[in-house]
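Here is a short briefing on a structure. Start with the display below, then read the points by topic.

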Amino acid sequence: MIDQAAAARQAQGERIPGAGFAARGFTAGYGGVPVIGPLGLDLPEPGIYTVLGPSGSGKSTLLRAAAGLLPDFGGSLALGGRPLGGGRRAGGAANGQAAVRVGFVPQNYGLLPWQTAIRNVRTALRIARPEEPRAVREEAAARWLERVGLGGLERRYPRELSGGQQQRVAIARAFAVRPDLLLLDEPFSALDAVTREGLQRLLLGSWRAQPSTMLFVTHDVEEAVLLGRRILLLPGGARTSDDRNRAEASSYKGGLLQIDNEALAELPFEDKRDSDKFQEQTRTLRRLLREGWEATDEP
Amino acid sequence: MNPNSGRFVLRLLAVFAALHVLWALLSALLHRDMLPSPLAVYRALFVLDGAETLLHIGTSLGRVFAGIGLALILGLLPGLLMGRSPHWNRLLDPVVYLTYPVPKIALLPVAMLFLGLGEASKIVMIALILVFQIVISVRDGVKAIPAHTYDVLTSLGAGRMERFLHATLPGALSSLLSTLRISLGTAFSVLFFTEIYGTEHGMGYFIMDAWLRLDYADMYAGILLFSAVGFALFLLVDLIEHRFMKWRG
């Protein structure tokens with residue numbers, strides 16, 4: 001089994017400047033009230049980046065903006081120099097560049113209830129990869145459902161599947177389109193602990209088979225530490241100019257705190273929870289979440 | 001309600017038989033020609049001219065389908081617009097709200113005045129009954145589609161047409177079929193009214209004609225046929241629902 005971090009480093013060697021996920025002065029809000037930003041960051045490609053923060057910190061907003069689901073936001077988001085954000089912002093295709101392919105896994109699975117598991121995956125492929133022959137798309141859909149352990153259940157409708165199985169379909173769908181950017185919005189938060197661990201393992205395995213840039217939003221500290229090569233910690237609380245000044249003074253560079261998690265990313269999934277590093281990282285993160293803006297010392 | 005379940009069919013047959021027993025008893029008790037026995041009616045039914053009966057049934061079905069088609073053409077677009085766009089809903093909602101409670105059958109004389117006694121007034125009446133139900137059910141069906149249903153499609157780069165085909169239309173279809181089932185009964189009743197005038201074909205004409213000729217056995221035979229055709233339409237909606245609504249269970 002190829003290690004996550006090793007795969008990441010290998011690809012990092014051939015990385016051109018400006019590749020990967022980048023945010024420049026990104027701000028977003030609802031009804032004129034800002035919820036996130038200004039945010040600036042550069043993430044090397046590929047890699048799994050977990051986004052952690054208290055509720056109201058705008059984690060999901062960042063993800064929805066990157067997925068093209070926010071009609072309007074300030075600043076810019078890009079992947080490998082190609083603009084993100086959908087609609088009129090995604091001028092990529094118009095400028096002769098291919099548009100960024102996004103795989104999106106929402107918390108509620110986002111499956112079309114009137115389509116069977118395999119049809120859900122096929123529909124996604126038909127939209128994202130219209131240029132591919134039908135046979136190739138159908139083969140890819142079947143292969144990914146098989147890979148997430150749903151062989152034999154392809155013809156079931158979402159209501160005939162358990163929550164965990166539905167999320168497997170959603171993961172298969174996201175990977176099947178071979179996305180440049182994978183966005184997961186608290187995908188496992190509605191599932192029980194055992195199912196959740198199975199799916200975390202599945203997600204890591206799928207990512208290793210097909211590495212890309214993955215942003216994984218979660219409110220679960222342990223999940224952030226288990227999955228992320230780097231953890232992006234978003235500050236919560238009210239956004240006043242006072243907050244922002246304090247943010248400038250703190251270690252929250254670019255409006256967020258990036259915590260290196262490479263050491264843990266190299267361990268096999270089974271050994272992570274028992275390692276000292278895991279305990280240390282989760283302790284640090286819990287403290288940072290508790291203290292919010294006051295946190296000044298890097299872990 | 002699964003049309004394929006054997007037990008359900010058995011129960012239907014039991015009710016069918018019980019109604020006939022009740023009918024036979026009543027007719028024996030009454031002993032008047034205004035209620036012939038089932039036997040007499042079925043005898044009349046089987047000596048009917050096959051080709052002519054088929055023409056009556058075909059004419060009626062043609063009118064019902066034309067009415068449903070017209071109602072769908074007129075009702076789908078406003079329903080979809082109102083479901084998808086708050087702007088259109090604000091604009092059209094008062095129209096629907098104000099006109100919905102008008103008893104459409106009361107507009108029959110108006111339809112006859114404007115469209116004459118021919119096919120047009122018959123088809124328009126049926127469409128008129130159905131169109132408001134269709135607008136409202138399509139609107140509510142589309143509104144009931146959760147916003148997140150569109151999210152994944154949008155993030156994949158789906159255009160308007162793809163979002164409509166994969167999300168809006170199937171969502172609307174589900175509530176459309178439930179409405180069609182209910183309003184089909186109403187449409188059939190209206191069909192009867194419209195076939196009293198200006199036509200020499202159709203189930204309604206057949207029944208009223210037999211009534212005028214005091215041929216009660218024929219009249220009841222017509223009612224039986226009319227009911228059978230209505231039942232067949234009901235089964236058709238069931239089949240369509242079974243085929244397209246499997247996902248709803």
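Two strands count as paired if DSSP finds at least two bridges between them. With that rule in hand, take one bridge in this predicted model: Ala78(A) has Pro83(A) in S5(A) as its bridge partner.

- An open sheet is built from four strands of chain A, in the order S2-S1-S4-S5, with antiparallel pairing.
- Strand S2 (33-43) and strand S5 (82-83) of chain A are at the edges. Each has a single partner strand, so one side of each is left without a neighbour in the sheet.
- Strand S4 (residues 74-79) of chain A is joined to S5(A) by two bridges, and the two run antiparallel.
- S4(A) and S5(A) make a hairpin, with two residues between them. In the turn, Gly80(A) has a positive phi of about 55°.
- S1(A) and S4(A) also run antiparallel, joined by five bridges. Arg24(A) has Ser76(A) in S4(A) as its bridge partner.

- Pro44(A) sits in the loop between S2 and strand S3 (47-52) of chain A.
- Is Pro44(A) buried or partly exposed? Pro44(A) counts as partly exposed because it has 17 C-beta neighbours inside 10 Å; a buried residue needs 20 or more.
- Pro44(A) and Phe21(A) are 23 residues apart in sequence, with their C-alpha atoms 7.0 Å apart in space.

**Nonpolar cores**

- The largest nonpolar core has 84 residues. Those touching the most other members are Ala66(A), Val121(A), Ala172(A), Ala176(A), Leu183(A) and Leu215(A).
- This core takes at least three residues from each of domain 1 (4-100 + 181-291) and domain 2 (112-179) of chain A.
- Which residues does Val121(A) contact, leaving aside neighbours within four places in sequence? They are Ala141(A), Trp144(A), Leu145(A), Ala172(A), Arg173(A) and Ala176(A).
- Another core, of 28 residues, lies apart from the largest one. Its members include Leu108(B), Val131(B), Val135(B) and Ile136(B).
- As background, nonpolar side chains tend to be buried together in soluble globular proteins.

**Domains of chain A**

- Chain A divides into domain 1 (4-100 + 181-291) and domain 2 (112-179).
- Their contact takes 13 residues from domain 1 of chain A and eleven residues from domain 2 of chain A.
- On the domain 1 side, strand S7 (181-185) and helix H6 (193-209) of chain A are the elements that give two or more residues.
- H6(A) supplies the largest share of that side, five residues.
- By class, the domain 1 side has nine nonpolar, four polar and no charged residues.

**Chain B against chain A**

- The contact between the chains takes 17 residues from chain B and 20 residues from chain A.
- Helix H7 (148-155) and helix H8 (160-194) of chain B each supply at least two residues of the chain B side.
- H7(B) gives the most to that side, with seven residues.
- The chain B side divides into seven nonpolar, seven polar and three charged residues.

Technical notes. Residues are numbered from 1 along each chain as its sequence is written. Chains are lettered from A and ligands numbered from 1 in the order in which they are written. This is a predicted model: local features need pLDDT of at least 70, side-chain atom pairs count only at pLDDT 80 or more; totals for chains, interfaces and linings use all residues. Domain bounds come from an automatic or database domain assignment. Two residues are in contact if their C-beta atoms, placed from the backbone, lie within 7 Å. Ala, Val, Leu, Ile, Met, Phe, Trp, Tyr, Cys and Pro count as nonpolar, Asp, Glu, Lys and Arg as charged, and the others, Gly among them, as polar. A nonpolar core is a set of buried Ala, Val, Leu, Ile, Met, Phe, Trp, Tyr and Cys residues joined through C-beta atoms within 7 Å. A residue is buried if 20 or more other C-beta atoms lie within 10 Å of its own, exposed if 12 or fewer, and partly exposed in between; C-beta atoms are placed from the backbone.
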